[in-house]
Amino acid sequence: MPVILGIESSCDETSASVCVDGGILSNVIANQTIHEAYGGVVPELASRVHQQNIIPAVQQAIINAKVNKNDIDAVAFTRGPGLLGSLLVGVSFAKAFALALNKPLIEVNHMQGHVLAHFIGDHKPQFPFLCLTVSGGHTQIVLVKDYFDMEIIGQTTDDAAGEALDKTSKVLGLPYPGGPLIDKYARQGNPDAYKFPEPQIPGYDFSFSGLKTSIMYFIRDNVKVNPNFLQENMADICASVEKRVVTILLNKLKKAATAYGIKDIALAGGVSANTGLRQGLNDLAQQQGWNAFIPKFEYCTDNAAMIAIAGYYKYLQGEFVDQDIAPLARMPF
């Protein structure tokens, strides 16, 4: 029964997890609130807070899992993609921990980790399946043929979906992080109150820059007419924006699923925590006869459980790396 310690530090969450024989026994996530004052993640501050959080997070994960550090068989870590300074903290700690205990190291691609989060628990998709991975930095449709045989068949050509939501929240005057607040307001609004354009991008690729611009001009023009427009219509604006983002994502996903003839459809990444997107996928799955797979909320945002489960499957295949491994801000999928 392999015991895998997983470490995630790609952006602003410091996370550690223990996986035993494919089951997650602990998943500790230390969030960083320091960035709220700046309206976004400040890389230098993120790496400093990772240094403060990494040891307590790992210690707590081991305690929660009720294992001893000497029981650990391998250390899995996020090598990339992500903020280089943040990655450096997690990679350096993983290397030091593994060296001290003479344990092997396992590198994990952060985006593949999001896909493999679907193998936590009993409700698992069957190969091949499609995974819509949506986060602040990435929007991808991935054809998953095996645990580490994945092909990106569609991706954003500019902004990611989460980035578009975050930038919209700034224009609306909402505090950081804005994505969850847009979700909250959208639950109270009318999604058909305002119409925003859907980009016509060929194939399975996405574009959100045009949508972002149209939202900005829409708000500018309406605030000129009515200075209280945002305060009076916040819920309807958020609901309408969310609906457009969701339809852009799901229309492409439907197109890909039809073309590839695949019925197992998964959702992953930080934006998969969005209520409208989760409900939209479930509704579309019911219409199309798909089997929909959506992770628990704690496995949607950046977390070490997905790194630990990916490390577990790599451990079974004997895929280890040496101590000279270095983090990659941009890592090939």
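Visitor: Which residues does S272 touch, not counting residues up to four places away in sequence?

Guide: Contact here means heavy atoms within 4.5 Å. By that test, S272 touches V134, L267, L277, R278, I294 and C300. This is a predicted model, in which local features need pLDDT of at least 70, side-chain atom pairs count only at pLDDT 80 or more, and totals for chains, interfaces and linings use all residues. Residues are numbered from 1 along each chain as its sequence is written, and side-chain values use heavy atoms, with hydrogens and water left out.

Visitor: Where does S272 lie, and is S272 buried or exposed?

Guide: Helices (H or I, at least four residues) and strands (E, at least two) are DSSP runs, numbered from the N terminus. S272 lies in the loop between β9 and α8. Buried means under 20% relative accessible area, exposed over 50%, and partly exposed in between, with a 1.4 Å probe and protein chains only. S272 counts as buried because its relative accessibility is 0%. For contrast, take T33, in the loop between β3 (23-31) and α1 (43-65). With a relative accessible area of 55%, T33 is exposed.

Visitor: How should I read a nonpolar core, and which residues of the largest one touch the most other members?

Guide: In soluble globular proteins, nonpolar side chains tend to be buried together. A core is a set of buried Ala, Val, Leu, Ile, Met, Phe, Trp, Tyr and Cys residues joined through side-chain atoms within 4.5 Å. The largest has 46 residues, and L130, I141, F208 and L249 touch the most other members. Elements that each supply at least two residues include β6 (129-134), β7 (139-146), α6 (209-225) and α7 (229-260). The largest share, 15 residues, comes from α7. Apart from this core lies another, of 28 residues, among them V142, A266, Y299 and A305.

Visitor: What is F208 in contact with, leaving aside its neighbours within four places in sequence?

Guide: The partners of F208 include T139, T156, D158, A164, V245, I248 and L249.

Visitor: Now pockets: how much space lies in the largest pocket, and which residues lie nearest its centre?

Guide: On a 1 Å grid over the protein atoms alone, a pocket is an open set of points where a 1.4 Å probe fits, with protein on both sides within 12 Å along at least five of seven lines; lining residues have an atom within 4 Å of a point. Grid points are joined across faces, edges and corners, and a volume is the space filled by probe spheres set on the points. The largest pocket holds about 1300 Å³. Of its 41 lining residues, C11, D12, G136, D166 and Y176 lie nearest the centre. The largest share of that lining, seven residues, comes from α4.

Visitor: And what is the volume of the second largest pocket?

Guide: About 280 Å³. Its lining has 17 residues, with K243, V246, T247, G276 and G280 nearest the centre. Here α7 gives the most, with eight residues.

Visitor: How many disulfides does the structure hold?

Guide: A disulfide is a pair of cysteine sulfur atoms within 2.5 Å. The structure holds zero. For C11, the closest cysteine sulfur is in C300, 16 Å away, so the two are too far apart for a bond. C300 is in no disulfide either, as the nearest cysteine sulfur, that of C131, is 10 Å away. C11 is partly exposed, at 22% relative accessible area, whereas C300 is buried, at 0%.
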